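The structure is shown first.

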Amino acid sequence: MRKLTAAAAVCAFGVAATTALAQGVAPGGSIGNSTGIGSGLGGVIGGTGPSYPNGTTQPTLPPPPPPGGSVAPLAPPPSISTARPPSYPKPLDPFGPATRSEAGPSVAPRPLLQLPERPASDLSFLKGCWRSDVFQLAHESGVATYCFDGTGGGRFLYTRLDQPGFFCRASAQAAYLGTELRLRIFATTCSDGGAYPEALDCSRGAGDAAQCSGKATTVAGSEAWTVRLHRSR
């Protein structure tokens with residue numbers, strides 16, 4: 001009886017070995033990555049799942065991404081300031097501020113622009129800054145200031161006494177036109193597009209002081225005034 005049992009065991013082992021070899025697995029190895037047959041370890045509870053080292057369990061995988069893939073949230077775009085820049089400041093240097101009190105009796109008189117006896121090409125006597133008397137233009141009180149170099153080139157500024165934020169600026173050029181000295185301005189810009197003096201024609205008056213007449217075109221028509229020029233710088 002014992003001989004028959006031993007013979008049956010040998011036969012079963014031979015069948016298993018033959019099957020393993022047929023599947024390309026060495027004796028004692030697993031079949032189809034299974035731990036249920038031919039491991040030789042014993043104590044293995046059936047199943048054909050894959051084995052992991054040291055008896056560990058299958059690791060937990062992260063959840064799959066949503067349809068369309070995972071997209072990182074975009075940072076919000078930088079905010080754009082809509083604040084308006086401040087208006088261009090009124091150019092004071094080298095003109096300096098103008099006030100109504102300059103025409104008052106308490107103010108020390110400033111040297112007046114004096115013209116040479118005869119017109120000349122030398123305009124060095126104009127070098128510096130000259131401010132007009134207060135005059136009316138478009139129903140507003142204002143003053144005009146001219147700053148020249150020694151050749152008759154310079155700058156112009158017109159301001160209103162009762163409107164500190166208003167100004168007109170331009171380039172200026174002085175030249176004799178016959179016996180009159182013409183102070184011409186060009187490339188004029190005003191802070192509100194208002195009226196501004198167009199030209200000033202000066203001739204010799206009492207004591208050689210320049211007597212100057214100005215003109216401008218306004219919505220009411222043509223306006224004119226007469227002023228003297230005082231050295232302001």
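A disulfide is taken here as a pair of cysteine sulfur atoms within 2.5 Å. The model is a predicted one.

## Disulfides

The structure contains 3 disulfides. With bonded cysteines counted along the chain, their pattern is 1-2, 3-4, 5-6.

Cys-129 and Cys-147 are joined with an S to S distance of 2.0 Å. Their link is right-handed, with 110° about the S-S bond. Another disulfide is formed by Cys-168 and Cys-190, with the sulfur atoms 1.9 Å apart. The link of Cys-168 and Cys-190 is right-handed, at 110° about the S-S bond. Because Cys-168 is in strand E5 (residues 163–177) and Cys-190 in strand E6 (residues 180–190), the pair ties together parts that are 22 residues apart in sequence. Cys-168 has 0% relative accessibility and therefore counts as buried.

## The Cys-202 to Cys-212 link

Cys-202 and Cys-212 are joined by a disulfide with an S to S distance of 2.0 Å. The torsion about this S-S bond is about 110°, so the disulfide is right-handed. Cys-202 lies in strand E7 and Cys-212 in strand E8, 10 residues apart.

Why does Cys-202 count as buried? Its relative accessibility is 0%, and buried means under 20% relative accessible area. Cys-212 counts as buried because its relative accessibility is 0%.

Strand E7 (residues 199–204) runs antiparallel to E8, and 6 bridges join them. Within this pairing, Ser-203 has Gln-211 of E8 as its bridge partner. The hairpin of E7 and E8 has 5 residues between the strands, and Gly-207 takes a positive phi near 65° there. E8 also pairs with strand E9 (residues 221–227), in the antiparallel sense and over 7 bridges. The bridge partner of Thr-218 in E9 is Gly-221. The hairpin of E8 and E9 has 2 residues between the strands.

In a regular strand the side chains alternate between the two faces of the sheet. Along E8 (residues 210–218), Ala-210, Cys-212, Gly-214, Ala-216 and Thr-218 point to one face and are buried.

## Aromatic contacts

The count of aromatic pairs is 5. One of them is the pair of Tyr-146 and Phe-156, which is tilted, with 5.1 Å centre to centre and 55° between the planes. This pair links distant parts of the chain: Tyr-146 is in strand E3 (residues 140–148) and Phe-156 in strand E4 (residues 153–160), 10 residues apart. Tyr-146 and Phe-156 are both buried.

Tyr-158 and Phe-166 form an edge-to-face pair, 5.9 Å centre to centre with 85° between the planes. Tyr-158 counts as buried because its relative accessibility is 0%, and Phe-166 is buried with a relative accessible area of 3%. Tyr-158 and Phe-166 belong to one aromatic cluster with Phe-135 and Trp-225. The ring of Phe-166 also has the charged end of Arg-160 over it, 3.6 Å from the ring centre.

Terms used:
Residues are numbered from 1 along each chain as its sequence is written. This is a predicted model: local features need pLDDT of at least 70, side-chain atom pairs count only at pLDDT 80 or more; totals for chains, interfaces and linings use all residues. Side-chain values use heavy atoms; hydrogens and water are left out. Buried means under 20% relative accessible area, exposed over 50%, partly exposed in between (1.4 Å probe, protein chains only). Helices (H or I, at least four residues) and strands (E, at least two) are DSSP runs, numbered from the N terminus. Two strands pair if DSSP finds at least two bridges between them. Rings of Phe, Tyr and Trp (its six-membered ring) pair if their centres lie within 6.5 Å; planes under 30 degrees apart count as stacked, over 60 as edge-to-face and the rest as tilted. A charge sits over a ring if NZ of Lys or CZ of Arg is within 6 Å of the ring centre and within 35 degrees of the ring normal.
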